[in-house]
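Have the viewer open and follow along point by point.

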Amino acid sequence: MSENEAVGSSGGLKPITEGEWVGWSTWQSDAFEQRAGPFYERVDDNGEMVSAFRAEPRHMNGAGFMHGGCLMTFADSALFTIASRELGDDRGVTLSLTGDFLDPARVGQLVEGRGRVVRAGGKTIFVEGLVTADGQPVLRFNGIIRKVGKKS
């Protein structure tokens, strides 16, 4: 799927049926994430939610490492993947997202986001997560999601 096929398309989570990302899905209707990533998600063999993308030259800063804004954008996306079961049929917005940069990510690396819901109740979901590049930690993050209503 090309970037332009996905950007601005209607629809939600789209399964990938060919290429490197077979078995994963991507949010077809999220134009920003498609341009930034695209980012993919799936349930792993342990039943946990995982997000991922492949680091490309366009994701790098002037020093040749992944731009911090790209990592934080990915963490924001992973936040919702991690909390997807708690969100259910609700839409949500990010109330807070903080990150600690641990190491640089480089072109060609598989960047993954995993984590856990620390607390969920009512309209608020607290998440902690870790982004890795080829298995090495590059960003630790914490976020809070606020439910804002049902998906239409």
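1. A word on terms before the first stop: a pocket here is an open set of grid points with protein on both sides within 12 Å along at least five of seven lines. Keep in mind, too, that you're looking at a predicted model.

2. So how much space lies in the largest pocket? About 590 Å³. Its lining is made up of 19 residues, and those nearest the centre are Trp27, Asp30, Phe80, Arg91 and Lys151.

3. Which elements supply the lining of the largest pocket? α3 (68-82), α4 (84-87) and β5 (90-101) each give at least two residues. Sorted by class, the lining has nine polar, seven charged and three nonpolar residues.

4. Next, have a look at alanine 52, which sits in strand β4 (residues 49-54). Alanine 52 counts as buried because its relative accessibility is 0%, and the cut-off for buried is under 20%. Beyond its neighbours within four places in sequence, alanine 52 has contacts that include Trp21, Trp24, Pro38, Phe39, Tyr40 and Phe74. From alanine 52 to alanine 75 is 23 residues in sequence and 10 Å in space, C-alpha to C-alpha.

5. Now the strands. β8 (residues 136-150) runs antiparallel to β5, with 11 bridges joining them; in β8, asparagine 142 is the residue opposite threonine 98.

6. β8 is also joined to β7 (residues 124-133), again antiparallel, by 10 bridges. Leucine 130 has arginine 140 as its bridge partner in β8. β7 and β8 form a hairpin with two residues between them, and aspartate 134 in the turn has a positive phi of about 50°.

Methods:
Residues are numbered from 1 along each chain as its sequence is written. This is a predicted model: local features need pLDDT of at least 70, side-chain atom pairs count only at pLDDT 80 or more; totals for chains, interfaces and linings use all residues. Side-chain values use heavy atoms; hydrogens and water are left out. On a 1 Å grid over the protein atoms alone, a cavity is a set of points where a 1.4 Å probe fits but cannot get out, and a pocket is an open set with protein on both sides within 12 Å along at least five of seven lines; lining residues have an atom within 4 Å of a point. Grid points are joined across faces, edges and corners, and a volume is the space filled by probe spheres set on the points. Helices (H or I, at least four residues) and strands (E, at least two) are DSSP runs, numbered from the N terminus. Ala, Val, Leu, Ile, Met, Phe, Trp, Tyr, Cys and Pro count as nonpolar, Asp, Glu, Lys and Arg as charged, and the others, Gly among them, as polar. Buried means under 20% relative accessible area, exposed over 50%, partly exposed in between (1.4 Å probe, protein chains only). Contact means heavy atoms within 4.5 Å. Two strands pair if DSSP finds at least two bridges between them.
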